[in-house]
Amino acid sequence: EDPTFAMAFLELGIALWWEGVAEQALVEIEKGFGHISRLSEEDRQIYRAFHDMLTSLEYADLAVKILEELVAKGSTNPSVYYLLGECYTHAAIAIDLEKAMGLFLKALELDPTYRVVFFHLLEGYIGSGQVEEGLAFLRKLEQEDPDDFSVLNAQVNLLLSQQRYEEAYAITQRLEKISNNPRAIAFCKAHCHAGLGNFELSEKYEAEALESSQGLIQTAAYVQQHASRILRGKFLIGEKFWEESWKSFEGDRSSELTGNINHSLMAVEYASNLFQQGRIEDCISVLELYRTRRDTQGIPQFWLGYFLIKSGEVAEAEVILQELKTRAQRYESTPYMDSNIVLLGALIHSAKGNPEQARKDLDSLNDVPLLNRRVGVERWLRGIVEAELGNPVKAVLFMDQIHTPEGRTGMPVTEVIESLHTQGVLEQDLGEFGSAREHFEQFLKHWGDADIPLKTVDDARERMKILNAD
């Protein structure tokens, strides 16, 4: 029998899922179950694996088992590697971003037109500190087809990660001439204009992109809107996007599978906003919603521990650490989860006045691939620890490395911007007055006109007076 009809359901399901509407994808996949007998044995297995992912991506045990067996048999179907890469990216039971990167590259090797992997490849190049390698790879593909939308769009996003806004905008203008994807163009324009300081235009294109977004993509758009406001100190305006991000979702937010994985990222960004506002209890309450949820890769739980430490509640952070350890032992010991546990332990040691042990903990992460680590927080903590141990030059070097694509990845915008102030203080104490002035200026450019009072802003201004007087 002709398998085309059955394959159409699978392809439509993957397309809908990629659009961020897993519920619709599941409907189509289940419609096609009556026809999968027409498929080859491997394609039937792929179909079943994808159905398991749609039913519960966070606990896709069956999908991982099926797809790993197909990989072990030497499958040449790129969808096998792509879907398994998605499991390693999102499934709480299997998250291993380094392994996922290899799978996405394998899918593209098997089929150079398999562009659906590009988004995660971008995340991989950024998170591993290999943006230049990614750009070189994309430029080689561009030579083969100068009008390939996926290749050009990927270049824009890599350039944005390096804050090369003018170059990104130039490619965006090329995209506009060849594109039938107005949402992607609007996202690119919004990011470029924000970086170039054209905030009214940025907000205009944000709204355009949001209009045509659904599901995961819509939630990600709200995360970006919040981040763009925080970058320029609009904390009170940014705050509203938390509730906005939930308007298409129902259910108890503390219950598993309510919302999507991007809501956990939004929760962290929102909580960090509240922390800067001095609303510590509200910050903790938001992250407490996720405390017992197993479907969020431990992300909100890590940040719950982090902000408890920053608020002086170290003993409570130790309870969170033990909960994460217990969870890893029972359910999901993965490279990503394990490195987060080590890092939270290092933060606790530092907070308790034991920088030597904190440094040992951090050193133990050196052999873990960057993609499976929270690099920005590591570098921030290393800066703090080295300063405590009397090594201010090393402290400044580590702080400076936060402001790289891989350093900013996975770190709330508030913490990235606040680290500019911390770095300036360290440099001023070290006598590096030019660098200190530069970092205080950058910090004040972001938050100098913040819509809430910030002690760090007052301190930076006082320090600038001293620096400018010298």
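1. Basis of the values. Because the model is predicted, local features need pLDDT of at least 70 and side-chain atom pairs count only at pLDDT 80 or more, while totals for chains, interfaces and linings use all residues. Residues are numbered from 1 along each chain as its sequence is written, and side-chain values use heavy atoms, with hydrogens and water left out.

2. Aromatic pairs. The structure holds 18 aromatic pairs. Rings of Phe, Tyr and Trp (its six-membered ring) pair if their centres lie within 6.5 Å; planes under 30 degrees apart count as stacked, over 60 as edge-to-face and the rest as tilted. The rings of Tyr-82 and Tyr-114 are edge-to-face, because their centres are 5.8 Å apart and their planes stand at 65 degrees. Tyr-82 belongs to helix H5 (residues 78-90) and Tyr-114 to the loop between helix H6 (97-110) and helix H7 (118-127), so this pair ties together parts that are 32 residues apart in sequence. Helices (H or I, at least four residues) are DSSP runs, numbered from the N terminus. Tyr-82 and Tyr-114 are both buried, where buried means under 20% relative accessible area (1.4 Å probe, protein chains only).

3. A second pair. Trp-246 and Phe-249 have ring centres 6.4 Å apart and planes at 80 degrees, so they too are edge-to-face. Both residues are buried.

4. Charges over rings. A charge sits over a ring if NZ of Lys or CZ of Arg is within 6 Å of the ring centre and within 35 degrees of the ring normal. The charged end of Arg-232 is placed in this way over Phe-199, 4.2 Å from the ring centre. Arg-374 has its charged end over the ring of Phe-302, 5.0 Å from the centre. Phe-302 is also part of a cluster linked by ring pairs, together with Phe-275, Trp-303, Tyr-306, Phe-307 and Trp-380.

5. Helices H16 and H18. The axes (lines fitted to C-alpha atoms over the stretch in contact, with angles from 0 to 180 degrees between N-to-C directions) of H16 (residues 261-276) and H18 (residues 299-310) come within 9 Å and cross at roughly 10 degrees. H16 is therefore roughly parallel to H18, a term for angles under 35 degrees. The residues of H16 in contact (heavy atoms within 4.5 Å) are Ser-264, Leu-265, Val-268, Ser-272 and Phe-275, which meet Ile-299, Pro-300, Trp-303, Phe-307 and Lys-310 of H18.

6. His-263. Where does His-263 lie? This residue is found in helix H16, and it counts as buried because its relative accessibility is 0%. Leaving out residues up to four places away in sequence, His-263 touches Thr-219, Trp-242, Ser-245, Trp-246, Phe-249 and Tyr-290.

7. Helices H23 and H25. The axes of H23 (residues 392-400) and H25 (residues 413-430) come within 10 Å and cross at roughly 155 degrees. The two helices are therefore roughly antiparallel, as angles over 145 degrees are called. Among the residues making the contact are Val-396 and Asp-400 of H23 and Thr-422 and Leu-426 of H25.

8. His-421. This residue lies in helix H25 and is buried, with a relative accessible area of 10%. His-421 touches Phe-440, Phe-443, Thr-456, Asp-459 and Ala-460, not counting residues up to four places away in sequence.

How values were computed
Buried < 20%, exposed > 50% of the residue type's maximum accessible area, 1.4 Å probe, protein only. Parallel < 35°, antiparallel > 145°, perpendicular 65-115°, else oblique.
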